[in-house]
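Morning, everyone. Please bring up the structure, and we will walk through a few places in it.

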Amino acid sequence: MTISATLSSHGKILMSPLRKSEWANQPVLCKSVELFKNGRNEYRMSTNSNKFQCRALEIENKSSTKFHLDDVIESQQFDRETLSAIFEVAQEMEKIEKNSIGGRRSEILKGYLMATLFYEPSTRTRLSFESAMKRLGGEVLTTENAREFSSAAKGETLEDTIRTVEGYSDIIVMRHFESGAARRAALTASIPIINAGDGPGQHPTQALLDVYTIEREIGKLDGINIALVGDLAYGRTVRSLAHLLALYKDVKIYFVSPDVVKMKDDIKDYLTSMGVRWEESADLIEVASKCDVVYQTRIQRERFGERVDLYEEARGKYIVDMSVVNAMQKHAVVMHPLPRLDEITVDVDGDPRAAYFRQAKNGLYIRMALLKLLLLGW
């Protein structure tokens, strides 16, 4: 077996196998460990309970050990150090993507298959993941509307679907209409699962690319002011983003939304517990003048069910147009997870502070980085 291993001073061996199905997919705490160096990078390890041979890419102290990533399920699984490490890899992926123009495509994921299992519509997320996999030399198996055109329509459980699809692929990217579905999939699967959005729950890869974009555009993450605008009750992107913003110092978040889709108390309570300042406001122009980032979101018709009246009440109340942009500081940016309807007017697109298409492009680099880290590690 070929394994990447790190050894801490406390006797903990951290393994990074190619697949979660291998027995060493989680950190193993051994009562006793012996290392016998056979060569430059080869070690024979023995424990009191088992004996095996491995090739260690590096043996180092715990303080300098890179993080271990099995799945991407929610924003809470990341800390600042992990985000910085992912962003470094994303910058490497940007270089790879630029070098792939003209047919010089990377082959670091050659031989790997990614399955995209989408139970809800998606354009940017699904295509960016598929592009990311192909730009790294991998292949893609895809189903665009699994809710209607898969065995789920026949009543197959999510767990059975995951057990089947993992037999065809090395990693699964899944979008589902139920909050918590990604966690259920990860508990079932023996290969990595990436949550590409689970109903009104979370969208962690969007949050990662959002934070990456803020750092690239503003130049910092500590000390920023950000306005979250629009559908804050059902918007999984803003919920995930709020969790990541709480990792940074001296951040202030303004919530600007119609009453029917206000940010829920669980996020407010979490931010308060993390010492993050937040404020609700009804004045978008005033808030925009104070912020480094105005993060607009779409009022999601699909989350209102039969209550069309509530949707119409919320839609169109807060629109980012040139009057809002003109109130913003010169260095500030407008972001949006897309798709947009009419919540950002098209004349804003020509302003250099409109960052949402650059934001979408950054999603490619973040997703390339995640695929590389989940399948190959460091």
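Start at histidine 336. Its side chain makes a polar contact with the side chain of glutamate 343, at 2.7 Å. A polar contact here is a pair of N or O atoms within 3.5 Å; within protein, one must be able to donate a hydrogen and the other to accept it, and residues adjacent in sequence count only if both atoms are side-chain atoms.

A word on where this comes from. This is a predicted model, where local features need pLDDT of at least 70, side-chain atom pairs count only at pLDDT 80 or more, and totals for chains, interfaces and linings use all residues. Residues are numbered from 1 along each chain as its sequence is written, and side-chain values use heavy atoms, with hydrogens and water left out.

Back to histidine 336. The side chain of histidine 336 also reaches the backbone nitrogen of leucine 338, at 2.7 Å. Where is histidine 336 found? In the loop between strand 15 (333-335) and helix 12. Helices (H or I, at least four residues) and strands (E, at least two) are DSSP runs, numbered from the N terminus.

Is histidine 336 buried or exposed? Buried, because its relative accessible area is 1%. Buried means under 20% relative accessible area, exposed over 50%, partly exposed in between (1.4 Å probe, protein chains only). Leave aside neighbours within four places in sequence, and histidine 336 is in contact with residues including Gln296, Arg298 and Tyr356. Contact means heavy atoms within 4.5 Å.

Leucine 338 is buried, at 15% relative accessible area. Its phi is near 60°, a positive value in a residue other than glycine. A cis peptide bond then joins leucine 338 and proline 339, with omega about 10°. Why point these out? Most residues other than glycine have a negative phi, and most peptide bonds are trans.

There is another positive phi at aspartate 250, near 55°. Aspartate 250 lies in the loop between helix 7 and strand 12 (252-256). Aspartate 250 is exposed, with a relative accessible area of 52%.

Now helix 7 itself, residues 236-245. How many of its residues are buried? 10 of 10, so helix 7 is mostly covered. Arginine 239 sits in this helix. Arginine 239 is buried, with a relative accessible area of 13%. A polar contact of 2.5 Å joins its side chain to that of aspartate 266. Beyond four places in sequence, arginine 239 has contacts that include Pro200, Lys264 and Ile267.

Helix 1 (residues 80-99) meets helix 12 (residues 356-376) at about 110°, with axes 8 Å apart. That makes helix 1 roughly perpendicular to helix 12; the term covers angles of 65 to 115 degrees. Among the contact residues are Phe87 and Met93 of helix 1, and Leu364 and Tyr365 of helix 12. By class, the contact has 13 nonpolar, no polar and 5 charged residues.

Last, the whole chain. Its secondary structure comes to 12 helices and 15 strands. Of its 378 residues, 53% count as buried. Take contacts between residues at least 6 apart in sequence: 69% join residues at least 24 apart.

Terms used: Axes are lines fitted to C-alpha atoms, for helices over the stretch in contact, and angles run from 0 to 180 degrees between N-to-C directions. Angles under 35 degrees count as roughly parallel, over 145 as roughly antiparallel, 65 to 115 as roughly perpendicular and the rest as oblique. Ala, Val, Leu, Ile, Met, Phe, Trp, Tyr, Cys and Pro count as nonpolar, Asp, Glu, Lys and Arg as charged, and the others, Gly among them, as polar.
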